[in-house]
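I want to look up the salt bridges first, then the overall shape and the surface.

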Amino acid sequence: MILKDIISGSFLSEERVTKRMPAILYIVFLMILYIFNIFDTQKRYREILAVERDIARLKVTATTTETQRVSMTRYASIREMVQQRGLPLVESTTPPKQL
């Protein structure tokens, strides 16, 4: 009998159900908000993980670039590059003067 009422939908017209309809709708609304919140939280978590991976990759790139810059600005490296390119630069023999 109860299964027949549920399938036909006639249980919705009973007084005990209609009196509790606002509470039932409120609970359904809260359940929908809860599900939306779970999906939104998962989306934000995936975005955070993607940003953390990008930061780690950029840190490696920055370290590599800094190492290359430091090695390229050493005196011996600069002298070598000038010789390789055949630039007509001559090393100064007089020390710089302080003003």
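I started with aspartate 54 and arginine 57, which are about one helical turn apart because they sit 3 residues from each other in helix 3. Helices here are DSSP runs of H or I with at least four residues, strands are E runs of at least two, and numbering goes from the N terminus. The two side chains form a salt bridge, with the closest N and O atoms 3.5 Å apart. My cut-off for a salt bridge is a side-chain nitrogen of Lys or Arg within 4 Å of a carboxyl oxygen of Asp or Glu. Aspartate 54 is partly exposed at 36% relative accessibility, and arginine 57 is partly exposed at 49%. For these labels, buried is under 20% relative accessible area, exposed is over 50%, and partly exposed is in between (1.4 Å probe, protein chains only).

A note on the source: this is a predicted model, where local features need pLDDT of at least 70 and side-chain atom pairs count only at pLDDT 80 or more, while totals for chains, interfaces and linings use all residues. Residues are numbered from 1 along each chain as its sequence is written, and side-chain values use heavy atoms, without hydrogens and water.

How many salt bridges does the rule give? I get 3. Arginine 69 pairs with glutamate 66 at 2.7 Å between the closest N and O atoms; these two are also 3 residues apart in helix 3, so about one helical turn separates them. Arginine 69 is partly exposed at 43%, and glutamate 66 is partly exposed at 39%. Aspartate 40 and arginine 44 meet at 3.0 Å, N to O, and lie 4 residues apart in helix 3. Aspartate 40 is partly exposed at 23%.

Next I checked the fold. I find 4 helices and 0 strands. The radius of gyration, taken over C-alpha atoms, is 37 Å, whereas a compact globule of 99 residues would be near 13 Å (rule: 2.2 Å times the number of residues to the power 0.38). The C-alpha trace spans about 110 × 35 × 15 Å along its principal axes. Buried residues make up 2% of the 99.

Last stop, the surface. Tyr26, Ile27, Phe29, Leu30, Met31 and Leu33 make a nonpolar patch of about 610 Å². Patch residues have over 30% relative accessible area and no salt bridge; nonpolar side chains (Val, Leu, Ile, Met, Phe, Trp, Tyr) are joined within 5 Å, like charges within 9 Å. Areas come from Shrake-Rupley with a 1.4 Å probe, and for residues only the protein chains shown count as cover. I looked up leucine 30 separately: it is in helix 3 (residues 21-72) and counts as partly exposed at 38%.
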